[in-house]
Amino acid sequence: MDDELILLNPGPACTSQRVKDALLRGDLCHREPEFGELLAKIRADLPRALGLTGHEALLVTGSGTSAMEMAVISSVREGREILVVDNGVYGDRLLRIARANGITAHAVRPDGDDLTRWTTPVDPEAVRAALAAHPAVDAVAVVHHETTTGLINPVRAIGEIVRETGALLVVDAISATGNEDQDLGEIHADIVCGTANKGLHGLPGISFILCSERGVERVQEVPARSLYLNAASYLKGQRDGNVPFTPAVQVCYALDEAIQEYFEQGGFEGRTKLYRERAALVRSGFARLGLDVLVRPELRANSVTMLHLPDAVAYDRLHDELKRRGYVIYAGQGSLSSRFFRICTMGEIPWHRLEELEGALDESIKAARA
């Protein structure tokens, strides 16, 4: 592992050798009963792993965006609307998904430019006001961890407000699955979007939605807006041990192995504890190097840290110098890309490589200035 690049980008994340080896379980036709058994096992384990035992899991072959799109288009009935909490790139993506599929979408967002909006959690009372102003809203969509800046949104408070209405709560937990302190089971979400990689430490290529009883009812009421991403067809097929389209079978093997590792390492409590300890370790190093974190401490995710670029250091130079030292970092997004960069402690990372990051970053900053 020491010779491997350590991915400090917000996905794909590094995986264990055990998870990689699961890809070698062999070739398998997805119409055979063995795959049906694997599918049933993953569908049972995911809700248990994430504190959502009252939810039903639907797996889809695709990136996290496929789960987001499936959730949005399958949660809004004909002639109804969606309300989206938008304070980052992924909130904006939820909006664009809705509008691309002909769904009327309203946004709740903080005032100000991108820097202000993307570092400010949305006021739950603004969600309440928007729901009162738009009675045709059928679903409210919010990003739990806005990976744009490493900001945690007040999903629990928003969930309590949405519960007072007939709307569903859709939560994009793709970067928060299994690694952020807010237990998904306490949010009262009707549909939760997740992915095999990132906090679960599986491989990219499989995503999923988790549906409550209300969520299950809703996806069966909504008109089919997509052939590939229609949740109702996945629900019907997967309850029978089938999938409507050819899945990434070997990635399912890897997800199964990653979930077993997750349980063995203490489940939700163990994984979130690990991520908190990682964040504390690397952020103490950032402080010693004089690097400023963009997001206020009480709003920070456990997995993503957005940092100001040091004076006279261009991101591309810093990236290349760190890569030479065995680490891959990630740029800021949109209008913040020229001033900030991100370091993400997701996935399978040896502790000593995180301890060595401070020195590598110090050397890289000096080299980038030279």
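Q: How many cavities of 30 Å³ or more does a search of the whole structure find?
A: This is a predicted model, where local features need pLDDT of at least 70, side-chain atom pairs count only at pLDDT 80 or more, and totals for chains, interfaces and linings use all residues. Residues are numbered from 1 along each chain as its sequence is written, and side-chain values use heavy atoms, with hydrogens and water left out. A cavity here is a set of points, on a 1 Å grid over the protein atoms alone, where a 1.4 Å probe fits but cannot get out; points are joined across faces, edges and corners, and a volume is the space filled by probe spheres set on them. With a cut-off of 30 Å³ or more, the search finds two.

Q: Which element gives the most residues to the lining of the largest cavity?
A: The largest cavity has a volume of about 90 Å³. Its lining (residues with an atom within 4 Å of a point) has 14 members, and the closest to the centre are Leu-59, Val-60, Thr-61, Val-243 and Pro-247. Helix 2 (33–49), strand 2 (56–61) and helix 9 (231–239) each give two or more residues; helices (H or I, at least four residues) and strands (E, at least two) are DSSP runs numbered from the N terminus. With three residues, the top contributor is strand 2.

Q: How many charged residues line the second largest cavity?
A: This cavity has a volume of about 40 Å³, and Glu-180, Asp-183 and Phe-268 are among the residues lining it. Ala, Val, Leu, Ile, Met, Phe, Trp, Tyr, Cys and Pro count as nonpolar, Asp, Glu, Lys and Arg as charged, and the others, Gly among them, as polar. The lining divides into four nonpolar, two polar and, for the charged class, two.

Q: Which residue in strand 5 stands opposite Val-84?
A: Strand 5 (residues 137–143) has seven of its seven residues buried, meaning under 20% relative accessible area, with exposed over 50% and partly exposed in between (1.4 Å probe, protein chains only). Strands pair if DSSP finds at least two bridges between them, and strand 5 runs parallel to strand 3 (residues 81–85) over four bridges. The residue opposite Val-84 is Ala-141.

Q: Is Ala-312 buried or exposed?
A: Ala-312 sits in the loop between strand 11 (304–308) and helix 12 (315–324). Its phi is positive, about 65°, although it is not a glycine. Because its relative accessible area is 68%, Ala-312 counts as exposed.

Notes. 1 Å grid on protein atoms, 1.4 Å probe; cavity = no way out; pocket = protein on both sides within 12 Å on 5 of 7 lines; lining within 4 Å.
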